[in-house]
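This briefing covers a metal site, a contact between helices and selected backbone features. Please consult the sequence and structure below while reading.

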Amino acid sequence: MSDTPASKRLDIIRMKGRPTVNDYIPQIFDDFFEMHGDRLYGDDGAIKGGVAYFKGVPVTVIAQVKGRDLEENKASNFGMPHPEGYRKALRLAKQAEKFHRPVICLIDTAGAFCGVEAEQRGQGEAIARDIMEFMTLKTPIISIILGEGGSGGALALGVCDELAMLENAIYSVISPRGFASLLWKDASREKEAADIMKITAEDLVSLKVCDHIIPEPAEGAHTDAEATAAAISEYIFGALQRKFQKGLDELLNERYNKFRAIGEFTV
Amino acid sequence: MLDDIFSVVRQRWGSSSPERDDSKKPDIPKDLMFKCPRCGTVSFSEDFNLNGKVCPSCNYHSRLSARERLDITIDKGSLQEFDKEMVSKNPINFPDYEAKQQALRARTGLKDAVITGTAKIRNKEIVIIVMDSHFLMASMGSVVGEKITRAFEYATEHKLPVIAFTASGGARMQEGIVSLMQMAKTSGAVARHSEAGLLYITVMTDPTTGGVTASFASLGDIIIAEPKVLIGFAGRRVIEGTIRQKLPDEFQSAEFMLENGFVDMIVERKKMRRTLAHLLALHEQKGGAFDE
Ligand SMILES: [Zn+2]
């Protein structure tokens, strides 16, 4: 499966019936209590957050919600968060820090929402704040990209101690569609764009952005949501064990250095 | 998120865009005249330049090169530049990226889109960061990310304030995901500088957009903007495409950001150095006691 081109993976992650966080959360976590609102403006359905048990350990879950049908998508704005979503995420992350709970971020977004109100309420500032605060958050953070990891809207939940990707997930600086329209003034060439952008899990491991690839069933996660959820659980279990062994300073230094090391230049 | 930001910037600010291929048509008025992208007023370049590259009609503060910015901001000869020779590699083997960079280096005299170093403003030592939109629209690639990160790390280690003049079209597409990660890297360095209790002032200049807005540019203790400049996250055309209507001119301007609470103050270019000097002086003094 590892030689599946990015363009083909784009089809797989867009497959109707690909599991979303609404499928995964009940399978991976116990007693999930959802928390609402950023305490500043409102509640954003594109980001679902709350507390739960993971194998008996209390955790905070912050997840981007792609809808499984039109109804869900209306409620979650097709998984594209507004600033209040990012501010809710930060509030819950700070709460996790206070109560010494690890944070599990589930990423699945085409990107932060681009709109008039999003700009008025400071989309850029909201994302920047998450990135900065997550960088020094005094508790382990594990992030997993389930499908689409679109740009800064994904990175806001992607500053972490370990980043994992489902086998067919992608992570990119701009959507392949946006890339194609930028480069060739032709958005319909997105597949071609996907194949040159280096956005597959394997590409991102080689660029040291992604730390682990979580295998999917042979034809993709949609063929067996339960098996995929089990694979995600297994990964989270291992990742938390690795992070729990570390002292706080070591954890934070490694997190800083993980991002510090990315960049290719000569002096 | 950055869909189309470059083309939007180019389209909107086309007359002053350095990305345009000048060889295609004789651009006679371009040298003699300045057409303001905000209000459309045409003025003689000489008058416009004498006015500090500010539109005499609407006060739009147009783009400066990093060298021009340093000249009007810091004490003469005080710059000790960091990482002068740093250049990007081609992390995702993007077609023609090296050639494009080389051509730009020859044309602009810059190695990449940012100059960093220590400098003085009215004899107060600072670390200064100045982005230059004439190099690939000051998009953030490996060099921009690394130089800014090193500048903050130096400032943290030497207990110095940082002043950053931001300008950027956003991410550098040619570096793919590596570009995106510079947002995290720079913000991490800002966080450590901030935790050390040190001052960071952002000055947003034209245009501050995309991934730079969504990282270190928005994280200053004090955020200043120049009048009428473009500040935003998403590209205007993307938003117009979503809502299917044209946006008003003032959308994503410095004034719009002030009104919505994301900028502390708008400061005219001719008062910038003075303002920065005052703010630096105020922060040098620790509060909590009056003189005897
Ligand atoms: Zn004007």
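A residue counts as buried under 20% relative accessible area, as exposed over 50%, and as partly exposed in between. The model discussed here is predicted. By that scale B:C39, with a relative accessible area of 36%, is partly exposed.

**Zinc site**

- The zinc ion has four protein donors, the SG atoms of B:C36, B:C39, B:C55 and B:C58, at 2.2 to 2.4 Å.
- Angles of 107 to 114° are subtended by the four donor atoms around the zinc ion, so the arrangement is tetrahedral.
- For four tetrahedral donors the ideal angle at a metal is 109.5 degrees.
- Along the chain, the spacing of the zinc donors reads C-x2-C-x15-C-x2-C.
- Distant parts of chain B are linked by the pair B:C39 and B:C58, 19 residues apart: B:C39 belongs to the loop between β1 (33-35) and β2 (42-44), and B:C58 to the loop between α3 (45-50) and α4 (66-73).
- B:C58 has a relative accessible area of 14% and is therefore buried, whereas B:C39 is partly exposed.

- Helix α12 (residues 248-260) of chain A and helix α7 (residues 176-195) of chain B have axes that come within 8 Å and cross at roughly 135°.
- Because of that angle, α12(A) is oblique to α7(B).
- The crossing of these two helices, α12(A) and α7(B), is left-handed.
- On the α12(A) side, the contact involves A:L252, A:N253, A:Y256, A:F259 and A:R260; on the α7(B) side, it involves B:M181, B:A184, B:K185, B:G188, B:A189 and B:R192.

**Helices of chain A**

- Helix α8 (residues 176-184) of chain A includes buried residues, among them A:P176, A:F179 and A:L182.
- After α8(A) comes A:K185, which has a positive phi near 55°.
- A:E234 lies in helix α11 (residues 225-244) of chain A and is exposed, at a relative accessible area of 63%.
- Between A:E234 and A:I131 there are 27 Å in space, C-alpha to C-alpha, at a sequence separation of 103 residues.

**Backbone features of chain B**

- B:D206 and B:P207 are joined by a cis peptide bond with omega of about -15°, and B:P207 sits in strand β8 (residues 200-208) of chain B.
- B:N93, a residue other than glycine, has a positive phi near 50°. B:N93 lies in the loop between β4 (87-88) and α5 (97-108) of chain B and is exposed, with a relative accessible area of 58%.
- B:K159, a residue other than glycine, has a positive phi near 50°. Its place is the loop between α6 (142-157) and β7 (162-168) of chain B, and B:K159 counts as exposed at 63% relative accessibility.

Conventions:
Residues are numbered from 1 along each chain as its sequence is written. Chains are lettered from A and ligands numbered from 1 in the order in which they are written. This is a predicted model: local features need pLDDT of at least 70, side-chain atom pairs count only at pLDDT 80 or more; totals for chains, interfaces and linings use all residues. Side-chain values use heavy atoms; hydrogens and water are left out. Donors are N, O and S atoms within 2.8 Å of the metal (3.2 Å for Na, K and Ca); water is not among the atoms, so sites may look incomplete. Four donors count as tetrahedral if all angles lie between 85 and 135 degrees; four count as square planar and six as octahedral if opposite donors are over 155 degrees apart and all others between 65 and 115; anything else is irregular. Helices (H or I, at least four residues) and strands (E, at least two) are DSSP runs, numbered from the N terminus. Buried means under 20% relative accessible area, exposed over 50%, partly exposed in between (1.4 Å probe, protein chains only). Axes are lines fitted to C-alpha atoms, for helices over the stretch in contact, and angles run from 0 to 180 degrees between N-to-C directions. Angles under 35 degrees count as roughly parallel, over 145 as roughly antiparallel, 65 to 115 as roughly perpendicular and the rest as oblique. A crossing is left-handed if the near helix is turned anticlockwise from the far one by less than a right angle, and right-handed if clockwise. Contact means heavy atoms within 4.5 Å.
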